[in-house]
Each structure stands twice: as C-alpha cells, then as structure tokens.
Amino acid sequence: MKNKIKISFFIFISIFIVDQIIKYGFANFDWNVEGPIMSLQLAYNYGVAFSMFSFLAEYLKFIQLALVLAGTIYLYKNPEVFYEYYIPVGLLYAGGLSNILDRFTYGGVVDYLYWHYGFEFAIFNLADVIIDLAVVIIIYKQIKDSKKVNQEKKQND
C-alpha cells in the first residue's frame, strides 16, 4: 500500500515539475513556433475548458482549490478508492494543481499547444492532456470492472 502512495507521489511530482518548467519557458521566453499542423503559441486561459467561466477568473483558483481539498478529504475517508485509482489520482493532482498554480503565478492558465490543421481547435497544455489521460484511465477501469462484475453475475445465475 505504501508503494502505491510512493508511485502516485512520484507521478505527481514528476509531471508537475515538467509542466511548470515548460510553462515558465513559454511565459518568460519566446518559445513560439509556427507549424503546419500544430503551433506552439503562448496564450492565457482565464476560464476553464474553452475559456468557459472566464468571468470568474479571479475566483476560479479558490473554487478549484476547494474542489481539490474536497477530493483529498474524500480520498482520505475512502482509501480503497485511492488504492484502486492511484495512478490516475497522481495524474489528476499533477495536472490540476499545476494549472491552479498558474492562476496564482500568471493570473491565468498558461496554454501553448495550438492545433490548427483541418479545423481550428482549442489551445491547451501538457497538464490538460494529463488530466484527460487520467479521466480516460478511470473510464477504462470502470468499464473493465463493470464487464467483470456482469460476467461474474452471469456465472452465478
């Protein structure tokens, strides 16, 4: 069990540091590069996904911190959930807390990956990709576990 905590923390700290280094580079140096499919272009997101709720910009960091605190309390009271999902939990905390730190440091989330091939797509960052990966892992595990439960039910009937 302690091993899962260590792995989750290692995932968290590694991704958090790499993401913050990349964002620092974009925020403080001219790392913009124009490409045919995807460009690296600095942008600040004052809202959440696709700039929704940007009118809450100055409050979002506190709302998001409250959500992280609520999630942490939930995981503390339900350790079996953490031990089942320790990898996506580490990913979610790394991406989420890195984006929250941006709000305190830069006033908004530092985005820099801009997809523009075939259609205009949102600009995003590594932390966003990591959060999406965590959600995909959780959904995959849920589907896999659900199928397993259904198979066991059929065998018992």
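Trainee: What makes lysine 141 and glutamate 84 a salt bridge?

Mentor: Their side chains meet at 3.0 Å, N to O. A salt bridge is a side-chain nitrogen of Lys or Arg within 4 Å of a carboxyl oxygen of Asp or Glu, so 3.0 Å qualifies. The pair links distant parts of the chain: lysine 141 in helix α5 and glutamate 84 in helix α3 (residues 79–84), 57 residues apart. Helices (H or I, at least four residues) and strands (E, at least two) are DSSP runs, numbered from the N terminus.

Keep the source in mind. This is a predicted model: local features need pLDDT of at least 70 and side-chain atom pairs count only at pLDDT 80 or more, while totals for chains, interfaces and linings use all residues. Residues are numbered from 1 along each chain as its sequence is written, and side-chain values use heavy atoms, without hydrogens and water.

Trainee: Is lysine 141 buried, exposed or partly exposed?

Mentor: Buried means under 20% relative accessible area, exposed over 50%, partly exposed in between (1.4 Å probe, protein chains only). Lysine 141 has 21%, so it counts as partly exposed. Glutamate 84, at 36%, is partly exposed too.

Trainee: Why is lysine 23 called buried?

Mentor: Its relative accessibility is 0%, so it counts as buried. Aspartate 102 also has 0% and is buried. Aspartate 19 is buried as well.

Trainee: What does the charged end of lysine 141 sit over?

Mentor: The ring of tyrosine 85, 5.7 Å from its centre. A charge sits over a ring if NZ of Lys or CZ of Arg is within 6 Å of the ring centre and within 35 degrees of the ring normal. Lysine 61 lies over the face of phenylalanine 104, 5.0 Å from the ring centre.

Trainee: How many aromatic pairs does the whole structure hold?

Mentor: The search finds 10. One is phenylalanine 29 with tryptophan 31, at 6.4 Å centre to centre and 20° between the planes. Rings of Phe, Tyr and Trp (its six-membered ring) pair if their centres lie within 6.5 Å; planes under 30 degrees apart count as stacked, over 60 as edge-to-face, the rest as tilted. Therefore 6.4 Å makes a pair, and 20° makes it stacked. Phenylalanine 29 is partly exposed at 47%, and tryptophan 31 at 37%.

Trainee: Which residues make up the largest nonpolar core?

Mentor: Eight residues: Ile11, Phe12, Ile15, Phe16, Leu91, Ala94, Ile130 and Ala134. Helices α1 (2–28), α4 and α5 (126–156) each give two or more. α1 gives the most, four residues. A nonpolar core is a set of buried Ala, Val, Leu, Ile, Met, Phe, Trp, Tyr and Cys residues joined through side-chain atoms within 4.5 Å.

Trainee: How do you know that α4 spans close to what is expected?

Mentor: α4 (residues 86–106) has 21 residues and reaches 30 Å from first C-alpha to last. The expected span is 1.5 Å times one less than the number of residues. That comes to 30 Å. Glycine 107 follows α4, with a positive phi near 85°.
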